[in-house]
Structure formats: C-alpha cells, structure tokens
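Here is a short briefing to read alongside the model.

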Amino acid sequence: MKLQCFAVAVCLAVGAMAGKYSREINEPSGGDGQTVEFRIAKLNQVWEKAKRMQLSPVRLSELHSDLKIQEKDELQWKKMKVEGLDENGEKEAQLRRNFNVILAKYGMDGKRDTRPLESNYLKDHDVKEGDIFDDPRLDKLWNKATSSGKFSNEELLSLKREFQHHKDKIHEYNILMDTISRTEEIHKNVISPLEGDNKDHVLHQKHTELKQKMRDLNQGLDRLRKLSHEGFTEDSEFREPRVIELWEAAKRANLSKDELDSLKEELHHFETKVEKHSHYQEQLELSHQKLQHVEALGDKEHIKRNQEKYNTLAEKTREMGYKMKKHFQDLANKISRQGLEHNEL
C-alpha cells in the first residue's frame with residue numbers, strides 16, 4: 001500500500017495534474033498507529049522523503065512551513081468544493097501548481113535542477129570571481145555597489161539580503177514557468193471535450209500569474225539598480241527584503257494615506273517577526289553543528305541532551321516559519337484586495 005501511495009506521489013511530482021484529487025492521496029491512513037505530521041497523505045510522503053534526503057536543518061524547516069501553508073490551502077479548498085464553489089477548477093489548478101512548485105523548489109520533482117541555466121540571460125555566461133548570484137545583471141550591480149564606498153558593512157549585509165531575495169524570486173519564477181509548460185504539454189495530450197472554456201480560463205489565469213511575477217521581478221531589479229547607484233536613504237522604512245517587497249507593492253496599489261499608515265505599522269510588526277525567525281534559523285544551524293560534534297565524540301548522554309535541545313529548537317523554528325509565511329500571504333492578499341477596490345472606484 002505504501003509503495004502504491006509513493007507511486008501516486010511520484011506521478012504528481014512529474015506533473016500529472018489533469019486528474020482529480022483522490023481520497024487515497026488526500027487522507028492519511030494512520031493505520032500503523034504512527035503520528036502523522038500533516039493531515040494530507042501526499043504531504044506526509046513528501047516530508048518523509050525530505051527527511052531521508054538530508055536537507056540542511058534550515059531548508060528542512062522552510063519545507064515544513066511551505067507544506068503547512070499547502071495543507072491549509074488544500075483544506076480550505078475542500079470546504080469550498082463541498083459548498084459548490086470553484087466550479088471552473090481555478091483554485092484546484094493553482095493548488096496542484098503550488099504543490100509541484102514545492103517539489104521542484106526542494107529538488108523532489110525527479111529533475112536535475114538546471115533551471116537557472118535555462119533562462120535566456122544566463123546562457124553562455126561564464127562564471128567569474130566575484131559572481132555570487134548566478135545572474136550577470138545582479139553580479140554587475142553587486143560588484144558596483146561593493147566598490148562604490150557608499151555602503152557601511154551593515155548596509156552591505158542588508159543589500160546582500162535584498163540581492164539574495166531577488167535571486168530566489170528569479171529561481172521561483174523559473175520553476176513556475178517550467179511547471180506551467182509541463183502542465184500545458186499534458187493538457188495538449190488529454191482529449192477532454194467537456195472541459196471547454198474552463199481549461200482556457202485556467203490557462204489564462206496561469207499566464208496572468210506568470211506576467212505578474214515577471215512585473216514583480218522587473219520592479220525588484222529597478223529597486224536594486226537604484227539602491228546600487230544611490231545607496232540607502234535615511235528615510236528607508238524597512239530592512240527585510242520580504243517586508244520591503246510588500247511595502248513597495250502597497251505604494252503602487254493606490255491606497256489612501258490612512259491605509260498606508262496603518263499598513264506601515266503592521267509591516268513593522270511583521271518585520272520584527274521575520275527578524276526573530278531569522279535569528280531562530282541561525283540558532284538552529286548552530287545547534288545542528290554542535291549536535292554533529294557531540295555525536296562524533298560518542299557520549300550517549302551528551303548526545304541525548306543535545307538532540308532534545310535541537311528537536312525543540314527545530315519545532316519552534318518550523319512553527320515560527322509557518323506563522324511568518326501565513327502572515328506574509330495574508331498581507332499580500334490584503335494589499336492586492338485593497339488595490340483592486342481602489343481601482344474599481
């Protein structure tokens with residue numbers, strides 16, 4: 001039975017997104033009496049596989065947070081379906097896409113990760129000393145910033161975080177584009193005359209999402225270009241890249257001054273949460289290094305104590321990561337919703 005479930009998960013991983021969710025995939029069996037991490041079977045299968053892959057503690061924690069968000073969204077979708085909502089299958093298609101993006105993001109989609117090399121601006125690019133972002137535009141801006149003398153050491157650390165965040169967003173865009181391309185290829189080979197307008201609607205929604213992400217990337221690059229040339233201003237509101245991304249989106253959303261002021265206060269609270277989570281991630285990495293050192297010494301009692309400390313810290317980091325990502329999701333939706341309301345007026 002477990003082998004069958006794993007086979008189904010593999011099929012999903014390579015893009016078998018045209019079918020419906022089956023009860024077997026979505027209900028954890030729990031038949032062996034073991035406590036399951038997630039309420040959806042395929043997410044447990046991904047989690048168990050990830051633990052065997054020996055991902056770094058921080059990356060494993062990030063995956064756990066992403067899976068918890070996926071679980072929340074899928075359980076909400078189930079309620080929608082029972083209520084007769086999502087008739088055109090748009091939400092279901094988005095959930096399948098998000099799941100496949102998670103698999104690709106953590107190297108669990110069965111593909112060798114060559115996506116960064118597939119983008120047009122990376123082809124024929126020779127890696128040089130000082131190239132740390134795998135993108136000639138980012139590397140050029142970074143090298144210019146570091147040699148300009150405009151930044152203190154602390155500001156360079158903040159700037160580097162923004163560059164790394166943009167690099168991650170490029171990677172996620174490439175993953176999403178690859179996932180959508182594979183989905184469309186599958187749809188071409190599936191004869192389903194009953195779908196009609198629904199299929200066209202879903203495909204249109206996917207391409208709209210891609211275009212929005214590309215706009216976000218271009219706007220992010222413009223900000224990095226301006227920062228690299230002019231440096232940080234004294235009235236810079238935020239330090240964390242994810243918070244800056246939300247604030248820039250809010251300023252473009254045609255919000256009123258009162259709404260912006262209220263959101264700014266909320267973003268400051270969110271930034272504190274992001275910084276606290278980053279601190280816990282650093283402590284988790286240090287705890288893991290200490291545990292490995294103790295394990296090498298072979299003192300069982302010492303190993304047990306450090307393992308318990310590490311497990312507690314890992315659990316706390318995962319919990320904080322989920323809350324932070326959920327808060328980010330809620331803020332992004334709020335900004336988008338308020339922007340749409342103003343544009344409709």
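**A charge over a ring, and what surrounds the aromatics**

K42 sits over the face of F99, 4.4 Å from the centre of the ring. Keep in mind that this is a predicted model.

**Aromatic pairs**

- How many aromatic pairs does the structure hold? The count is six.
- One of them joins W142 and F163 in an edge-to-face arrangement, with 5.6 Å from centre to centre and 65° between the planes.
- That pair bridges distant parts of the chain, since W142 belongs to helix α7 (residues 136-146) and F163 to helix α8 (residues 153-188), 21 residues apart.
- W142 counts as buried because its relative accessible area is 10%, and the cut-off for buried is under 20%.
- F163 is buried as well, at 0% relative accessibility.
- F238 and W247 make another edge-to-face pair, at 5.8 Å between centres and 70° between planes.
- Buried or exposed: what are F238 and W247? F238 is buried at 6% relative accessibility, and W247 is buried at 9%.

**The largest nonpolar core**

- The largest nonpolar core has 21 residues, and L138, W142, L159 and F163 are the ones that touch the most other members.
- Which elements give two or more residues to this core? They are α5 (90-105), α7, α8 and α9 (197-230).
- The biggest contribution comes from α8, which gives eight residues.
- Setting aside neighbours within four places in sequence, F163 contacts F133, L138, L141, W142, L224 and S228.
- As background, nonpolar side chains tend to be buried together in soluble globular proteins.

- Most residues other than glycine have a negative phi, which is the reason to list the next two residues.
- Q54 has a phi near 60°, a positive value in a residue other than glycine.
- Q54 lies in the loop between α3 (41-52) and α4 (57-82), and it counts as exposed because its relative accessibility is 72%, where exposed means over 50%.
- D134 also has a positive phi, near 60°, and is not a glycine.
- Where is D134? D134 is in the loop between α6 (115-118) and α7.
- At 41% relative accessibility, D134 counts as partly exposed.

**One cavity**

- The count of cavities of 30 Å³ or more comes to one.
- The largest cavity has a volume of about 30 Å³.
- Which residues line the largest cavity? The lining is made by P57, L60, S61, L284, Y310, A314 and R318.
- Helices α4 and α12 (300-344) each supply at least two residues of that lining.

Technical notes
Residues numbered from 1 in each chain as written. Predicted model: local features only at pLDDT ≥ 70, side-chain atom pairs only at ≥ 80, totals over all residues. Heavy atoms only, no water. Phe/Tyr/Trp six-rings, centres within 6.5 Å; stacked < 30°, edge-to-face > 60°. Helix = DSSP H or I, 4+ residues; strand = E, 2+ residues; numbered from the N terminus. Buried < 20%, exposed > 50% of the residue type's maximum accessible area, 1.4 Å probe, protein only. Lys NZ or Arg CZ within 6 Å of the ring centre and 35° of its normal. Core = buried A, V, L, I, M, F, W, Y, C linked by side-chain atoms within 4.5 Å. Contact = heavy atoms within 4.5 Å. 1 Å grid on protein atoms, 1.4 Å probe; cavity = no way out; pocket = protein on both sides within 12 Å on 5 of 7 lines; lining within 4 Å. Points joined across faces, edges and corners; volume = space filled by probe spheres on them.
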